[in-house]
Amino acid sequence: MSIYRTYAVPRAAAEVARVLAEHPMADAVVDQVDGRRIRVGNQWLFDFASCNYLGLDLDPEVQAGVPAYLARWGTHPSWARGIASPALYPRVEATVSELLGVADVLAFPTLTHTHNGVLPALAGEGTLLVDIRGHQTLHDAAVIARARGATVRRFRSGDLEQVERLLRASTPPRVVCMDGVNSMTGNPPDLPAFAALAREHDAMLYVDDAHGFGVIGERGGYDPSPYGRRGNGIVRWFGESYDRVVLTAGFSKAYSSLLAFVAVPSELKEYLKVMVPTYLYGGPVPVASLATTLLGLDINERRGDELRAQLYHRTRTVLDHLDKLGVATSNVSGLPLIELALADPEDLDLVGRHLFDRGIYVTLAPYPVIPRDEVGFRIQLTAANTVEQVDHLLTVLGEVDDRFGFRRPHP
Ligand SMILES: Cc1ncc(COP(=O)(O)O)c(C=O)c1O
């Protein structure tokens, strides 16, 4: 029997496999980058699929700053963190602690590493409740937590009553985990309500704010945009405290760097160092990535709010246009992730083809990545998208609406 029969794609993933294999706007190889334009084969496209929200991947100051770090530290500190860390690591951790206003921070290479290590360590042989619409990496980490003895339950997104019922029936330690700014809808959860519930039931609320960190932050006084100031994440944006709230986020989106962190009280940090295999045995990130993180954090303090205001205005332009067209989007937050559903899910291939041919690159969302009635695509804005690029996007969205039709809001 052929080995490929052993590894046949399961039926549930068949549609995703087909899109990846056949559609030009999936699994693409980018041959050239010019600002927020990309070339795929012979086609130049405006990139609305990038998570580089602040545009720091293209920032001349970041790019010029990296070589000095390489000259001083080499390219890669190839110790596991449990053995040794270059002083750049504690510098990042101290800077992020100050930015967030938390006691301490522990950095990991990615959010996947963070969840896989930290969630099982926090849940122990107790209970882990996972938001059903939470990011896939949270669900994967829950599988590891279950293997280590935790009871895992899933809850309907935003359903506080269900979470309360599950908490009442659970054994400690209890952890409730969910996305901060949701990676598809662009909306934040009701964080204050979930935090209050966690405190009431002696649980911990574990929040993955991959898409909020660097974009939203503390509010009050003069805010240059509804995103708030300093980009210090969803907890500060809500004016919440870190009491029983564990914030995780990565630098791979707004900061264009490979690194992630969990924010915790100092004694918990010492516990995690011992209990999380990634820390003890896993490798570090390259020096260039620690450098772009530190350079990005510095730029964030000096001109981050300016970049966020630009990002907000680009996003608002698209949302207002969709409003005028009468098109439904789940985005009620004004944050730079805009999910659009097609009137007919069967049109996905043709719509994707039209966007590609008209020079617009977005993230296609086929079933079962999302429910069948939400099939469509996601647009992401960054501060590096130009006004001309956004104008062209609006024109092409109008064409798609005329030719195929987006889903309308429910009456
Ligand atoms: C909400 C969320 N969590 C986690 C991840 C995974 O991040 P990483 O690449 O740092 O593992 C992503 C990446 O897309 C994400 O959107």
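Reader: Left-handed or right-handed: how does helix 3 cross helix 12?
Author: Helices here are DSSP runs of H or I with at least four residues, and strands are runs of E with at least two, both numbered from the N terminus. A crossing is left-handed if the near helix is turned anticlockwise from the far one by less than a right angle, and right-handed if clockwise. For helix 3 and helix 12 the crossing is right-handed.

Reader: What kind of model am I looking at?
Author: Residues are numbered from 1 along each chain as its sequence is written, and side-chain values use heavy atoms, with hydrogens and water left out. Local features need pLDDT of at least 70, side-chain atom pairs count only at pLDDT 80 or more, and totals for chains, interfaces and linings use all residues; the model is predicted.

Reader: Back to that pair: what class of angle does helix 3 make with helix 12?
Author: Axes are lines fitted to C-alpha atoms, for helices over the stretch in contact, and angles run from 0 to 180 degrees between N-to-C directions. The axes of helix 3 (residues 60–73) and helix 12 (residues 287–325) come within 9 Å and cross at roughly 135°. Under 35 degrees counts as roughly parallel, over 145 as roughly antiparallel, 65 to 115 as roughly perpendicular and the rest as oblique. So helix 3 lies oblique to helix 12.

Reader: How many charged residues sit in that contact?
Author: Contact means heavy atoms within 4.5 Å, and helix 3 brings residues including Val62, Tyr69 and Trp73 to meet, among others, Leu295, Asp298 and Arg302 of helix 12. The contact of helix 3 with helix 12 has 11 nonpolar and two polar residues, and the charged ones number four.

Reader: And how does helix 4 lie relative to helix 12?
Author: Helix 4 (residues 88–100) passes helix 12 in a left-handed crossing. The two axes come within 10 Å and cross at roughly 30°. That angle is why helix 4 counts, relative to helix 12, as roughly parallel.

Reader: How many nonpolar residues are in the contact of helix 4 with helix 12?
Author: On the helix 4 side, Leu88, Val92 and Leu99 are among the residues that meet helix 12, where the partners include Leu290, Leu294 and Leu297. Three polar and two charged residues also take part; the nonpolar count is nine.

Reader: At what angle do helix 5 and helix 6 cross?
Author: This crossing is right-handed. The axes of helix 5 (residues 111–123) and helix 6 (residues 136–147) come within 8 Å, and the angle is roughly 35°.

Reader: Which helix gives the largest share of the second largest pocket's lining?
Author: On a 1 Å grid over the protein atoms alone, a pocket is an open set of points where a 1.4 Å probe fits, with protein on both sides within 12 Å along at least five of seven lines; lining residues have an atom within 4 Å of a point. This one holds about 220 Å³ (the space filled by probe spheres set on the points, which are joined across faces, edges and corners). Its lining has 14 residues, with Glu15, Pro345, Glu346, Tyr367 and Arg372 the closest to the centre. The largest share, three residues, comes from helix 2.

Methods
Nonpolar A, V, L, I, M, F, W, Y, C, P; charged D, E, K, R; others polar.
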